[in-house]
Amino acid sequence: MKIRYMLKLKINFLFCALLLLSCLSCDLGVHQAFWRPHPVYSRSTEVVQLNNTEFPFSREIMPLKYDCLILTDIHFGNKRNPAWDKVFFDSLKKYRKGRISPMLFCIILGDIADHGFASEYETVKAFQKRIAEENRLPEEYGNRPMPVYHVVGNHDVYNSGWKLWQQTCYPHKSAYYFETKDLEWYFVDTASGTLGRPQFYDLKAKLQRSPKSKFIFTHYPLYGNGILYFSLSDPRERAELLSLFSQVNLKLYCSGHFHPGASCDYDTFKERSLQAFGVSGKYHILHVDESGEEPSFTIETISLL
């Protein structure tokens, strides 16, 4: 156990050193890497419910079994990553061919931009538009473009990129939720490595008011495979969240940020940190079934390699 603990400390130290070196050798300065304008307590103080236009699915006509496309850590602007977006759309089209369950919406778990530059957000705009248009909803939903829901990541707000993210990434807010038949879906802002107290208390109040099963989608993992940089930064907040989640019928905590991906099963819910699109060429399909007494889910990973 002592050897394992010392190894974790060395890994944490190595990541901090690499982060500092990368800041000094690329487009990010130390100031931009460790401090952002528009901190989380100014970005996100309330988890707001989406209206009928923002979440265009009535419970009366929504199917009980359906799929959701999930991508994370695309990092547009990082020239070291392969251009997976050039083969992604063909792969997704091939995957969807002949499938029975409809794919109703897409979720992007943050770090869609690498440096928070305006040029990167122009690429983001075109990418999410193509997802929406090439995966239009079935006729019963008006053949409208597929909604693409975002959470904000730490890279998205580099170089004061928050305003560009807010203008570009639907539904143009970083903390929100919607409901389906037996589920509440929460999208939470952890791009600063913390929820901040205002967002935490509002999320807590909303989670506690309903007995329905719940999903949470965000950028930072609770437990980034034991590596400090890939976990929520405040141990007290993490402990409070674990206690809260055990009491509110949470089923899934789904995040990105840790590019290799990881999973952790708690007594009452599962944590899934999904593999990155940008460095690994992976995307994911969340299969949801609300036909039983309790809703269930599985996550399928598709490789572009």
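**Reading a helix pair, a ring pair and the confidence**

Author: In this predicted model, helix α4 (residues 85–96) packs with helix α5 (residues 118–134) at an angle of about 15°, and their axes are 12 Å apart.

Reader: What is the orientation of α4 and α5 to each other, and how should I read it?

Author: Two packed helices are described by the angle between their axes and by the distance between those axes. Angles under 35 degrees count as roughly parallel, and α4 and α5 are therefore roughly parallel to each other. The crossing in which α4 passes α5 is right-handed.

Reader: Which residues in α4 and α5 meet?

Author: From α4 come Asp85, Phe88 and Phe89, which meet Phe127, Arg130, Ile131 and Glu134 in α5. The residues of this contact divide into 4 nonpolar and 3 charged, with no polar ones.

Reader: How many aromatic pairs does the structure hold, and how is the pair of Phe76 and Phe127 to be classed?

Author: A pair of aromatic rings is described by the distance of the centres and the angle of the planes. The structure holds 35 aromatic pairs. For Phe76 and Phe127 the ring centres are 5.2 Å apart and the planes stand at 70°, so the pair is edge-to-face. This pair links distant parts of the chain, with Phe76 in the loop between β2 (65–71) and α4, and Phe127 in helix α5, 51 residues apart.

Reader: Where does pLDDT stay under 50?

Author: Where pLDDT is low, the predicted coordinates should not be read in detail. Here pLDDT stays under 50 over residues 4–35, for which the model has 29 contacts beyond four places in sequence, whereas the chain averages a pLDDT of 89 and 87% of the residues score at least 70.

Technical notes
Residues are numbered from 1 along each chain as its sequence is written. This is a predicted model: local features need pLDDT of at least 70, side-chain atom pairs count only at pLDDT 80 or more; totals for chains, interfaces and linings use all residues. Side-chain values use heavy atoms; hydrogens and water are left out. Axes are lines fitted to C-alpha atoms, for helices over the stretch in contact, and angles run from 0 to 180 degrees between N-to-C directions. Helices (H or I, at least four residues) and strands (E, at least two) are DSSP runs, numbered from the N terminus. Angles under 35 degrees count as roughly parallel, over 145 as roughly antiparallel, 65 to 115 as roughly perpendicular and the rest as oblique. A crossing is left-handed if the near helix is turned anticlockwise from the far one by less than a right angle, and right-handed if clockwise. Contact means heavy atoms within 4.5 Å. Ala, Val, Leu, Ile, Met, Phe, Trp, Tyr, Cys and Pro count as nonpolar, Asp, Glu, Lys and Arg as charged, and the others, Gly among them, as polar. pLDDT is the predictor's confidence in each residue, from 0 to 100. Rings of Phe, Tyr and Trp (its six-membered ring) pair if their centres lie within 6.5 Å; planes under 30 degrees apart count as stacked, over 60 as edge-to-face and the rest as tilted.
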